[in-house]
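Work through the exercises below with the sequence and the coordinates at hand. Each task sentence is followed by a solution that goes step by step.

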Amino acid sequence: MWQRKLMPSRCGTAVRIFTTTLFAAVVLFAILLAYVTGYQFIHTEQHHLSFGLYGAILFLHLLLQSLFAYLEHRRMRSPARPQHLRRSVALCIAAYQEDPDYLRKCLRSVRRISFPGLKVVLVVDGNRPEDAYMMEIFQEVMGSAEQAGSMVWKGNYHSDGGVGEGGRGGGGGGGGRVNVEEAARVARIVRGCRYSCIMQEWGGKREVMYTAFKALGETVDYVQVCDSDTVLDPACTIEMLKILEEDPEVGAVGGDVQILNKYDSWISFLSSVRYWMAFNVERACQSYFGCVQCISGPLGMYRNSLLQQFLEPWYHQTFLGSKCSFGDDRHLTNRVLSFGYKTKYTARSQCQTETPTRYLRWLNQQTRWSKSYFREWLYNALWFHKHSLWMTYESVVTGFFPFFLVATVIHLFYRGRLWNILLFLLTVQLVGMVKATYACFLRGSLVMIFMSLYSLLYMSSLLPAKIFALFTINKAGWGTSGRRKIVVNFIGAIPVTVWACILLGGVAYTIYCETQEPFNETEKALLIAGTILYACYWLILLVLYLAIVAKRCNKREEQYHLPYAEA
């Protein structure tokens, strides 16, 4: 009887796998066919201007994404009331060489969260004397409360002679017994105290998160995650809890992550408008179909019963024979999706977090994120059949888009016509303006018009960083550093420099080709008109930037504009 019930289930799974694989292949083939054939619906006599099938596909993608994001925001405006306010929630904070000011703000915002009985676990990645200031700040902010505990752990769950899966000693001898006893003490402190702080041997962010999850065990219903540079809104916990309580098929939910230090530099400001777009358009669209592909580390919540099921596989993840040391949040989300659970996003839950203010540090961060994106894309593809076809479609489009874009840029820059290069630059900014205009409408703020400036940053820096990330996907020896001491890493400049040389070579080749044959009157008129239009665009945006943004940069007291942020 049991085998007869199992057969239809296996057949259904096989059919879904075949269907989604075929759908993914059709989507990729259609895009590739449109790109290679270059079919054009309309064009001028000499093909100076045209609109083709490939452009129509990209336009349709942006249109659908914007539509579903808008519909999801309409859903968010009237969420259901929570049915069980007595659910237990633990907030796990990961800290590594954090800026004291940021950590203090984070903990103060935690104290103001409007959720009764919220358990807080701060795990510090490092137990050396120079790391002790983080525990001191914890005791300063949280220590006056009842049921607060702290401990300096000489090891961690996976240090030599440590505690393996299931709580067993990983090594022999007295060292293993000592670590087992310390691990048990950590669990007692975390489970018995409302506020707890654990300093442990350095092991990376995943080790820190594992300690919090492992020590909690199944003592709480939900686990909320947060980074130590994040300021939380008082209502963030209850708003995410509403989503999880409303639908038992939702395994995780993320909130709206905004930038705390957006006026520190031009790179942090552009990151702030990009963050808003990424969360409120891209992830809102994914949320409409229940397949948000990354619950961000600064603000997310998981069903603990589900999390405990994949805790060990998540921690021990490997790729190409090497243990994974980044992309922790994205893989955590993928594990939820692999069980067939939905993942959602709500803009009603908010926080502000720190972002790099220096170009090279931002570039290293983006490269590391791109590595985890490509790695997790492969893992995510295994579970396309368990979710909406939109997840399959969007994964194919966004996964292969950078490669089509690189091919387009190189083709146009080495085609030998200045107009092709100018038209490409105009098109990039036009698409950026269309997206920025929609963002202004959705957010109700004109500041989103600067989103169009991010297009140039994407083309000049992020695009080569993505390609570099793919070629160095298994290298994990560098990334962003702790915020107390910023370490400059120049490796991220390599792909940008190579990319700049390729583009400059194309420009030089094009100029040489154009000097061999004089411009006709039509080309002259187009080049003059296009140059004037492009110059006017940058002039207007530059004036607006100087008038609205530049005068506020480096004025830290103005960056805390949300009611929950404490200066």
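## Exercise 1: the sheet around S6

Ser150 stands opposite Cys197 in S6. The model is predicted, so local features need pLDDT of at least 70 and side-chain atom pairs count only at pLDDT 80 or more, while totals for chains, interfaces and linings use all residues. Residues are numbered from 1 along each chain as its sequence is written, and side-chain values use heavy atoms, with hydrogens and water left out.

Task: state which strands pair with S6 and in which sense, and describe how its faces are covered.

Solution. Begin with the terms: helices (H or I, at least four residues) and strands (E, at least two) are DSSP runs numbered from the N terminus, and two strands pair if DSSP finds at least two bridges between them.

Step 1. S5 and S6 pair in the parallel sense over five bridges. Strand S4 (residues 119-125) also runs parallel to strand S6 (residues 195-200), and six bridges join them. Along this second pairing, Val120 stands opposite Tyr195 and Asp125 stands opposite Gln200.

## Exercise 2: S13 and the second largest pocket

Task: find the partners of S13, and determine what S13 gives to the lining of the second largest pocket.

Solution. Step 1. S8 and S13 pair in the antiparallel sense over three bridges, and Thr353 in S13 is the bridge partner of Thr230. Strand S9 (residues 250-259), by contrast, runs parallel to S13 and is joined to it by nine bridges, with Gln350 in S13 as the bridge partner of Asp256. Nine of the twelve residues of S13 are buried.

Step 2. On a 1 Å grid over the protein atoms alone, a pocket is an open set with protein on both sides within 12 Å along at least five of seven lines, a cavity is a set of points where a 1.4 Å probe fits but cannot get out, and lining residues have an atom within 4 Å of a point. The second largest pocket has a volume of about 350 Å³; of the 21 residues that line it, Glu72, Arg75, Ile243, Glu246 and Lys344 are the closest to its centre.

Step 3. S13 gives the most to this lining, with five residues.

## Exercise 3: the largest cavity

Task: give the volume of the largest cavity and identify the element with the largest share of its lining.

Solution. Step 1. The search of the whole structure finds four cavities of 30 Å³ or more, and the largest of them holds about 100 Å³ of space.

Step 1. The largest cavity is lined by 13 residues, among which Gln258, Ile259, Lys262, Ser272 and Arg443 lie nearest its centre. The elements that give two or more residues to this lining are S9 and H8, and H8 has the largest share, with five residues.

Methods: Buried < 20%, exposed > 50% of the residue type's maximum accessible area, 1.4 Å probe, protein only. Points joined across faces, edges and corners; volume = space filled by probe spheres on them.
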